[in-house]
Amino acid sequence: KLTPNYLNSPELLVRFLQFSKTPQAAAIQTLRFKLKGAQKKEGKKHWQPIEAKQFQTANPLTMTYYEDRTLGFLWSVKQYRLIQDQKASYQQLMFSLFPRSQKQPIDNQWLNWMHLLASLPWAPDLVFLPDLSWEQDDTQENCLIASLQVDGKKISAQYAFRPNGQVISCSCQLDDISELNSNLK
């Protein structure tokens, strides 16, 4: 449950909430993204089309993300990320008419939580997650760090802001980066 209390928040966070009109507006209950684009991986010459949809609700806190990537002729990968009831899950399915070697899908709940934190510019009410703590980033100007504890691990998200409070970048990190790296190999 989101609890709107930002009076003791860092000044940058207050500016972000004012920029997003959060104090004056009703809380965002549901958010839906539709994304369509293409990605090109390093060392590859072809672009891979991507279509994705993301749905979020604030109460109860839920995120569903579906992605469909076309890797080649009659070959696609579908990914599902879900956060519901404070639990995260992930599924990846590969479809092809031709036999291909498949990598084991990554089952990493931390990526789901990072994905949720990265959607803050479109869902400013996430600022009020009760388990999210905010602090000024002393190493960079106009940056805040949000920390979230999930199953004994700490996820940190660094947000950079314009002076008016608009978020311009987000970078997430797991405190035990070795666990994340071992799952990405």
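**Leu35 lies in strand β1.** In this predicted model, local features need a pLDDT of at least 70 and side-chain atom pairs count only at pLDDT 80 or more, while totals for chains, interfaces and linings use all residues. Residues are numbered from 1 along each chain as its sequence is written, and side-chain values use heavy atoms, with hydrogens and water left out. Strands here are DSSP runs of E with at least two residues, helices are runs of H or I with at least four, and both are numbered from the N terminus. With a relative accessible area of 45%, Leu35 is partly exposed; that class lies between buried, under 20%, and exposed, over 50%, using a 1.4 Å probe and protein chains only. Setting aside residues up to four places away in sequence, Leu35 touches Ile50, Glu51 and Ala52, where contact means heavy atoms within 4.5 Å. Follow Leu35 to Ile50, 15 residues apart along the chain, and you find their C-alpha atoms separated by 7.9 Å.

Is Glu67 buried or exposed? At 11% relative accessibility, Glu67 counts as buried. Its side chain makes a polar contact of 3.0 Å with the side chain of Arg69. Such a contact is a pair of N or O atoms within 3.5 Å; within protein, one must be able to donate a hydrogen and the other to accept it, and residues adjacent in sequence count only if both atoms are side-chain atoms. Leaving out neighbours within four places in sequence, Glu67 is in contact with Ile50, Glu51 and Ala52, as well as Val77, Lys78 and Gln79.

**Phe33 and Trp122 form one of four aromatic pairs in the structure.** Rings of Phe, Tyr and Trp (its six-membered ring) pair if their centres lie within 6.5 Å; planes under 30 degrees apart are stacked, over 60 edge-to-face, and the rest tilted. The centres of the Phe33 and Trp122 rings are 5.3 Å apart and the planes stand at 85 degrees, so this pair is edge-to-face. It links distant parts of the chain, 89 residues apart: Phe33 belongs to strand β1 (residues 30–39), and Trp122 to the loop between α2 and β6 (132–136). Phe33 itself counts as buried, at 14% relative accessibility.

**Tyr66 and Tyr80 make a tilted pair.** Their ring centres are 5.2 Å apart and their planes meet at 40 degrees, so the pair is called tilted. Tyr66 is in strand β3 (residues 62–72) and Tyr80 in strand β4 (residues 75–84), so the pair ties together parts 14 residues apart in sequence. Both partners are partly exposed: Tyr66 has a relative accessible area of 27%, and Tyr80 has 31%.

**Helices α1 and α2 meet the sheet of β6, β7, β8 and β9.** Four strands form this open sheet in the order β6-β7-β8-β9, with antiparallel pairing; two strands pair if DSSP finds at least two bridges between them. Which strands are at the edges? They are β6 and β9 (167–174), each pairing on one side only. Neighbouring strands are turned by 20 degrees against each other on average, direction ignored. Eight bridges join β7 (residues 143–150) to the antiparallel β8 (residues 153–161), and Cys143 stands opposite Ala160 in β8. Helix α1 (residues 11–19) lies across β6, β7, β8 and β9, at about 90 degrees to β7. Helix α2 packs on the sheet as well, touching β6, β7, β8 and β9, and its direction makes about 25 degrees with that of β8. For these angles, axes are lines fitted to C-alpha atoms, for helices over the stretch in contact, and values run from 0 to 180 degrees between N-to-C directions.

**Helix α2 (residues 109–118) is mostly covered.** How many of its ten residues are buried? The count is nine, and among them are Trp110, Trp113, Met114 and His115. Across the protein, buried residues make up 38% of the 185 residues.

A search of the whole structure finds zero disulfides, a disulfide being a pair of cysteine sulfur atoms within 2.5 Å.
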